[in-house]
Amino acid sequence: MGKGGMSVGDHSKDEQQENMAAWLLGVNTLKIQPFQLPSLGPYDVRVRMKAVGICGSDVHYLKTLQCAHFVVKEPMVIGHECAGIVEEVGDAVKNLVPGDRVALEPGISCWRCSFCKDGQYNLCPDMKFFATPPIHGSLANQVVHPADLCFKLPDNVSLEEGAMCEPLSVGVHACRRANIGPETNVLVMGAGPIGLVTMLAARAFGAPRIIIVDVDDYRLSVAKDLGADGIVKVSTNIQDIADEVVLIQKAMGGSGVDVTFDCAGFNKTMSTALSATKSGGKVCLVGMGHNEMTVPLTPAAAREVDVVGVFRYKNTWPLCIEFLRSGKIDVKPLITHRFGFSQKEVEDAFETSARGGTAIKVMFNL
């Protein structure tokens, strides 16, 4: 505990002892158990969590103890999309005071490696990221986090919207990587949470026409309600790509696809993306459905279609918060299910998220 750190009341010792968190203990096994917080450093804040969303990666860890090349080898606190209220600040913290409502950026980079020094801190090899093993996450009553990764929320932005800054950041970073602007016609593969926030971000960046494709009617209807200019239902059959590309081009109104965001990351979606994007365009791979893919790169390369990778985000929270504050982006319709923080509700929430169906973003209100 930072000496002289400001706090709300004098209960911090007791509160720390009773801090509870949702621990991933094994496949399909989550348990609410005590979570001992680290002591408060001079540049840290202690935050009482209020809103935590469930991400696809959280569900992967629950079902398989693995996501991409990250493997859970020991019990881990889950959750990384989060916002809360500052309870205590370290001695050296100047930008926050107890009572501030904040959205948390979940990754702590080393600030010493060449990537960090070059401003590409999302590529830091020593990144400590909430709920990416072996680092504990934020589905807890309280967490300790660096103050510079806690962003104050304006009065008209709710804590739930603050938690949504994390998935929205993926869409914002993807749009920056692909240089989206008022002359970029966009295709989005996949109408899951990340596809939908990427669509919203592309619109906020000025994209005039956005088409979204998916296999699911319900998700396509949500995309349409959120402002997609066109929707195309596709199959999972790789044989259908040529016909589907025709449908996509028709939906695009003959103007061609400048940038495609593959927010699913499967052989089929990436192959479609490469075929549907116009010569000289860009394909941005956002989703990680398959660890490895076999896709028709040569014909795309012969048309000078650039393939751009996206990993998490960097320096996105201020812009996300501004998009929410100004009303340029509304993430509220994406939050479809809400749960409290009891053992049964944690289990039910993850089951709801894993089932998919009408669940887009499942949110805990702590």
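Predicted model: local features only at pLDDT ≥ 70, side-chain atom pairs only at ≥ 80, totals over all residues.

Colleague: At roughly what angle do the axes of α8 and α9 cross?

Modeller: Helix α8 covers residues 241-251 and helix α9 covers residues 267-276. Their axes come within 10 Å of each other. The crossing here is at roughly 55 degrees.

Colleague: Is the crossing of α8 and α9 left-handed or right-handed?

Modeller: Look at how α8 passes α9. The crossing is right-handed.

Colleague: Which residues of α9 make the contact with α8?

Modeller: From α8, the contact uses Ile241, Glu244, Val245, Ile248 and Gln249. The residues on both sides divide into four nonpolar, four polar and two charged. On the α9 side you'll find Lys268, Ser271, Thr272, Ser275 and Ala276.

Colleague: Nice. Now for charges: how many salt bridges does a search of the whole structure find?

Modeller: A pair counts when a side-chain nitrogen of Lys or Arg is within 4 Å of a carboxyl oxygen of Asp or Glu. Searching the whole structure on that basis gives 15 salt bridges.

Colleague: How many residues apart in sequence are the parts tied together by glutamate 81 and lysine 361?

Modeller: Those two side chains meet in a salt bridge, at 2.9 Å from N to O. Both glutamate 81 and lysine 361 are buried. Glutamate 81 lies in strand β8 and lysine 361 in strand β21, so the pair ties together parts whose separation is 280 residues.

Colleague: What about aspartate 217 and lysine 233: is aspartate 217 buried or exposed?

Modeller: Aspartate 217 in helix α7 and lysine 233 in strand β16 are 16 residues apart, and their side chains meet in a salt bridge at 3.1 Å. Lysine 233 has 45% relative accessibility and counts as partly exposed. Exposed means over 50%. With 51% relative accessibility, aspartate 217 is therefore exposed.

Colleague: And what is the relative accessible area of aspartate 258?

Modeller: Aspartate 258 meets lysine 278 in a salt bridge at 2.7 Å, N to O. Lysine 278 is partly exposed at 37% relative accessibility. Aspartate 258 is buried, and its relative accessible area is 15%.

Technical notes:
Residues numbered from 1 in each chain as written. Heavy atoms only, no water. Axes fitted to C-alpha atoms, helices over the stretch in contact; angles between N-to-C directions. Helix = DSSP H or I, 4+ residues; strand = E, 2+ residues; numbered from the N terminus. Left-handed = near helix turned anticlockwise from the far one by under 90°. Contact = heavy atoms within 4.5 Å. Nonpolar A, V, L, I, M, F, W, Y, C, P; charged D, E, K, R; others polar. Buried < 20%, exposed > 50% of the residue type's maximum accessible area, 1.4 Å probe, protein only.
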